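Take a moment with the sequence and the 3D view. The paragraphs below walk through them step by step.

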Amino acid sequence: MDYVQVSEILSDGKKFLGSQVKVAGWVRTARDSKTMAFLALNDGSSLKHLQIVVNKAEFDQAALAACLKNGVSVEAEGTVVVAMNDENGFELNALSLALLGDCPSDYPLQKKHHSLEFLRTVPHLRVRTNTFNAMLRVRSKLSFALHRFFQENGYTYIHTPIITGSDCEGAGEIFRVTTKNYADAKTAQDEAEYIATDFFRRKAGLTVSGQLEGEVAAMAMGKIYTFGPTFRAENSNTPRHAAEFWQIEPEVAFAKLPDIIKIAESMIKYVIKALLDECPEEIAFFEKAFENGLREKLEKVVSSDFAVLDYTDAVEILKKAGDRFSYPVEWGLDLQTEHERYITEEVMGKPVFVINYPKKIKSFYMKQNDDGKTVAATDLLVPGVGEIIGCSERESDLDKLMAAMTERGMNLDDYKGYMELRKYGTVPHSGFGLGLERILMYVTGIGNIRDVQLYSRTSGDLMA
Ligand code: 4AD
Ligand code: MG
C-alpha cells in the first residue's frame with residue numbers, strides 16, 4: 001500500500017510538487033463540466049479535501065462517470081501541482097482513476113449539512129462528515145497529549161480491571177456482569193443462591209472508575225494514571241451523561257488537595273495548548289460550526305489561572321442570584337448543572353475548582369476535613385459543560401474510612417484490600433478523574449455527549 005495521505009500533500013505539497021503520487025479515499029463531491037471533471041477526495045487524514053482534476057478527453061467516459069458520485073471510494077494516481085484557484089494550495093492532475101467501491105443514490109449523506117440528530121441514526125456513516133472527522137482527530141490528539149503529560153511527568157500507566165466486585169462511587173449505578181440467563185434468575189430462591197452459582201461466585205459488575213485499584217498501584221508506584229472505559233448505569237437522560245465513557249484517573253502518593261489541584265490545572269492547560277498547536281484547522285472548524293470565540297476561549301484557559309471557590313461560598317453566591325434556578329439551593333445539597341454553569345459561566349467566566357463539599361453528598365473515600373462536615377474534594381467546572389473533573393484527597397486514616405463506609409451501609413468485606421492500604425504504610429494521597437467526553441465537549445463546543453463518541457451508549461439507546 002504505497003498511498004500518500006491527503007494531509008501530507010496539502011500541508012507539505014512542495015515536497016511532492018511535480019512528482020507522481022497515488023491517493024485513495026472517498027469522494028465528497030464531484031463536479032463535471034464539458035472537458036474537465038473535479039473530485040473532492042477525503043481520506044480522513046485532514047479536514048480539507050484534495051481536489052483531483054480530470055481532463056476528460058484522457059479517460060474512458062463510462063469508467064469516469066462511475067467515479068463522479070458522492071460517497072464512492074476511488075484510487076487516483078497523478079501529478080501534484082499548484083492549485084489553479086489557490087497559489088498556496090495543491091491539487092492532483094489525474095493520470096489514472098479507479099473505482100474501488102460504488103455508492104448508490106440511496107447513500108444517506110447526500111446533503112452538505114445534516115443535523116446531529118439525523119447523523120445519530122447512521123453512526124456507521126456519520127464518521128464521514130467533517131464534524132465527526134474533526135472530532136475523532138481531536139479525540140485522538142487529546143488522548144495522546146494526556147498520555148504525554150503524564151509520561152513526561154514520571155507517572156506509570158496502569159491498566160485497572162474492567163470487571164470488578166466493588167462500587168467505587170458508592171452510588172450503585174453498576175452494570176451487572178453475569179453468565180446466567182433469565183431462567184436462572186427466575187428460579188433462584190434468593191439473590192445469594194443466584195450469585196453463588198454465577199461465574200465469579202460473587203457479585204460482579206463493570207467498573208465505574210479505576211480509582212480504587214489505582215490507589216493500590218499508587219501505594220507502590222507513587223504516581224500512576226489509568227486511562228480507559230468506565231461504565232455507569234445511571235438513568236439520567238442528559239446531554240452530558242453516557243453509560244460508557246472514558247476516564248483518565250491519576251493517583252498521586254504524598255499529594256494533598258492543593259497539590260492535586262495544581263496537577264489538574266497544569267494537565268488541562270497542557271492538553272489544550274497541544275490542541276491549539278496540533279489541531280488549528282479542527283478548532284477553526286468547530287469555532288465556525290459550533291461555538292463562536294472557541295479559539296480565544298481556549299487560549300485564555302492556557303494563559304490565565306483557574307478560580308478556586310469554597311462550596312460554602314458557592315452556595316452563598318447562588319442564593320444571592322435569587323430564584324432563577326429550578327433546583328433548590330441549600331447548604332448540604334448537591335450543585336445541579338444549572339448551578340455549576342451559573343458559577344463558572346456568569347460569576348467566574350472561566351474554569352473553577354469548587355472545593356470542600358459537604359461529606360454527605362460525596363463518596364466514602366474522600367478525606368474528612370477537621371470541621372467534621374466537609375471533605376477535601378473538588379469538582380472542576382467549566383463554562384458550557386459544567387463538571388469535567390471529580391477530584392479529592394483520599395481518607396488515609398483507617399478508622400475514619402471505616403466510619404464513613406459503615407455510615408453508608410457498605411459491605412466492608414468487599415473492600416478488605418482497599419482498607420488494608422490504610423493499615424500497611426498509609427500515606428496522604430490524592431487523585432482525580434477527568435471525563436474524556438466532557439473535555440471533548442468543552443474543546444469542540446459540541447453540546448451533546450452522543451456526538452463526541454464513535455458510538456454512544458445512553459439509557460434506552462444502544463446506538464448500533
Ligand atoms: O466525579 P466522578 O464520578 O469521580 C470518580 O469517578 C472518581 N472515582 C474519580 C477519581 O477521583 N479517580 O467522575 C469523574 C468524571 C466526572 O467529572 C465527569 O467528567 C466524568 O467522569 N463522568 C461522566 N462522563 C460522561 N458520562 C457520565 N455518566 C459520567 N459520569 C462521570
Ligand atoms: Mg463527580
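This is a predicted model: local features need pLDDT of at least 70, side-chain atom pairs count only at pLDDT 80 or more; totals for chains, interfaces and linings use all residues.

The chain holds 17 helices and 17 strands. Its C-alpha trace spans about 85 × 60 × 45 Å along the principal axes. There are 464 residues, and 50% of them count as buried. Now consider contacts between residues with a separation of 6 or more. Of these, 66% join residues 24 or more positions apart.

Turn to ligand 1. It is surrounded by 24 residues. The closest are E169, Q211, E234, E249 and E387. I388 uses its backbone instead, with an N or O atom 2.8 Å from a ligand oxygen.

Next comes a pair of helices. Helix α11 covers residues 280-289, and helix α12 covers residues 294-303. Their axes come within 8 Å and cross at roughly 120°. That angle makes α11 oblique to α12. From α11, the contact is made by P280, I283, F286 and E287. From α12, L294, R295 and L298 take part. What kinds of residues meet here, nonpolar, polar or charged? Five are nonpolar, two are charged and none is polar.

Now to the loops. Start with S45, in the loop between β2 (36-42) and β3 (50-55). Is S45 buried or exposed? S45 is buried, because its relative accessible area is 15%, and buried means under 20%. Which residues does S45 touch, beyond those up to four places away in sequence? They are Q5, V6, S7 and R137. V6 is 39 residues away from S45 along the chain, yet their C-alpha atoms are separated by 6.3 Å. The side chain of S45 also makes polar contacts. It reaches the backbone nitrogen of S7 at 2.9 Å. It is also joined to the side chain of D43 by a polar contact of 2.6 Å.

Move along to K56. This residue sits in the loop between β3 and α3 (61-67). K56 is buried too, with a relative accessible area of 13%. Neighbours within four places in sequence aside, K56 is in contact with D32, S33, K34, T35, M36, A37, Q61 and L64.

T129 is another loop residue. It lies between α5 (123-126) and α6 (130-152). At 12% relative accessibility, T129 counts as buried. Its side chain reaches the backbone oxygen of R126 at 2.7 Å. Setting aside residues up to four places away in sequence, T129 touches R28, L109 and L119.

Two further loop residues have a backbone feature to look for. R201 is found in the loop between α8 (191-196) and β8 (205-206). R201 is not a glycine, although its phi is positive, about 60°. Is R201 buried or exposed? R201 counts as exposed, because its relative accessibility is 55% and exposed means over 50%. F254 is in the loop between β10 (244-253) and α10 (257-278). Its phi is near 70°, a positive value in a residue other than glycine. F254 counts as exposed as well, at 59% relative accessibility.

The last stop is S396. Its place is in the loop between β14 (386-393) and α15 (398-407). S396 counts as buried, at 18% relative accessibility. How far from S396 is E437 in space? The C-alpha atoms of the two are 30 Å apart, and the residues are 41 apart in sequence. Recall S45 and V6, which are 39 residues apart along the chain with C-alpha atoms separated by 6.3 Å.

Notes. Residues are numbered from 1 along each chain as its sequence is written. Chains are lettered from A and ligands numbered from 1 in the order in which they are written. Side-chain values use heavy atoms; hydrogens and water are left out. Helices (H or I, at least four residues) and strands (E, at least two) are DSSP runs, numbered from the N terminus. Buried means under 20% relative accessible area, exposed over 50%, partly exposed in between (1.4 Å probe, protein chains only). Contact means heavy atoms within 4.5 Å. A polar contact is a pair of N or O atoms within 3.5 Å; within protein, one must be able to donate a hydrogen and the other to accept it, and residues adjacent in sequence count only if both atoms are side-chain atoms. Axes are lines fitted to C-alpha atoms, for helices over the stretch in contact, and angles run from 0 to 180 degrees between N-to-C directions. Angles under 35 degrees count as roughly parallel, over 145 as roughly antiparallel, 65 to 115 as roughly perpendicular and the rest as oblique. Ala, Val, Leu, Ile, Met, Phe, Trp, Tyr, Cys and Pro count as nonpolar, Asp, Glu, Lys and Arg as charged, and the others, Gly among them, as polar. A residue is near a molecule or strand if one of its heavy atoms lies within 4 Å of it.
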